[in-house]
Amino acid sequence: MIKKTEKIWMDGRFVDWDKANVHILTHTLHYGLGIFEGIRCYEANTGPAIFRLQDHVERLFKSAHIFMLEIPYTKKEIANAIIKTVKVNKIKECYIRPIVYIGYGAMGLYPKDNPIKIAIAAWPWGTYLGDEGLKKGIRIKVSSFIRNHVNSQMSRAKVCGYYINSQLAKKEAISCGYDEALLLDTEGYVSEGSGENIFIVRNGRLKTTPLTSILEGITRESIMKIANDEGIEVVEERFTRDELYISEEAFFTGTAAEITPIREVDGRVIGKGKPGEITKKLQSIFFDTVKGKNKRYRSWLTFVK
């Protein structure tokens, strides 16, 4: 359950959490076209720090551009609103959800001149796939549902309606006793999790799905940068489910999932059935970074003062 906070930013002003409502005929509620971001704020050594705020705001605006939604605020205004939302709620660690949606007005597939609305909420949210999963790894299942074709959805955008596909995959995996789902693309290659990018380790090399049928993950890009700086070879290359089965290590990345090791796929143990050395190293550097302990990547943090 969401642990509610005091205020939500809605269209330029803060409203009480319980009063942050929309009309039942809000266009996005009926047709699914809305843009959102997931951002984390961590309790760092000098106070709350938002991880890669500017990159998330940039992706929010790019998603809106792809779908021809004109956000009625500048990037700077949205970034400042996100900072203020964390500050006004007096929370040290939280998940932040900005959402851009088409408001009440015309009904039907074409929204005409319906207003473009935006809200920003922040609340405490722990480890998405569980503390034990973060430490020991999770069990995942290749889904019977495939990632949508790149010409049926535009994968660079983070769109509300796309996650119907993810929900189907996740529900199937959970009902079969697994922790998370993995989707293949329309040609049968590994794509991504229901809400995460995936990495594997083969012969000491770190491999991840190229930007074909996946979201351009910000945590994904961060891990690629860290790995390169640590002298770990990183390749963006398509791979099959059976290559995943015989990988030495595997893990998910994402704002919610952070760096979550994968210990089993479709009943097949990955490596030694526990987080591998490369996974643990990258995980350690990542958490040191978001906690403000690693000066090398301090520019990724926006401190809330």
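1. Trp-125 is partly exposed, with a relative accessible area of 34%, where buried means under 20% relative accessible area, exposed means over 50%, and partly exposed lies in between (1.4 Å probe, protein chains only). The model is a predicted one, in which local features need pLDDT of at least 70 and side-chain atom pairs count only at pLDDT 80 or more, while totals for chains, interfaces and linings use all residues. Residues are numbered from 1 along each chain as its sequence is written, and side-chain values use heavy atoms, with hydrogens and water left out.

2. Across the whole structure, a search finds 12 aromatic pairs; rings of Phe, Tyr and Trp (its six-membered ring) pair if their centres lie within 6.5 Å, and planes under 30 degrees apart count as stacked, over 60 as edge-to-face and the rest as tilted. One of the pairs is edge-to-face and joins Tyr-95 to Trp-125, at 4.6 Å centre to centre with 90° between the planes. Tyr-95 belongs to strand S6 (residues 94-102) and Trp-125 to the loop between strand S7 (116-123) and helix H4 (131-136), so this pair ties together parts 30 residues apart in sequence; helices (H or I, at least four residues) and strands (E, at least two) are DSSP runs, numbered from the N terminus. Tyr-95 is buried, with a relative accessible area of 4%.

3. Trp-125 also forms an edge-to-face pair with Tyr-128, at 5.7 Å centre to centre and 80° between the planes, and Tyr-128 is partly exposed, at 31% relative accessible area. Elsewhere, ring pairs link Phe-51, Phe-286, Phe-287, Tyr-297 and Trp-300 into a cluster.

4. Leu-53 touches Ile-39, Ala-79, Ile-82, Ile-83, Trp-300 and Thr-302, not counting residues up to four places away in sequence, where contact means heavy atoms within 4.5 Å.

5. Helix H6 (residues 218-229) has 12 residues, which at 1.5 Å a residue should span 16 Å, and its end C-alpha atoms are 17 Å apart, which agrees; the expected span is 1.5 Å times one less than the number of residues. Buried residues in H6 include Ile-218, Met-224 and Ala-227, and the helix is followed by Gly-231, whose phi is positive, near 80°.
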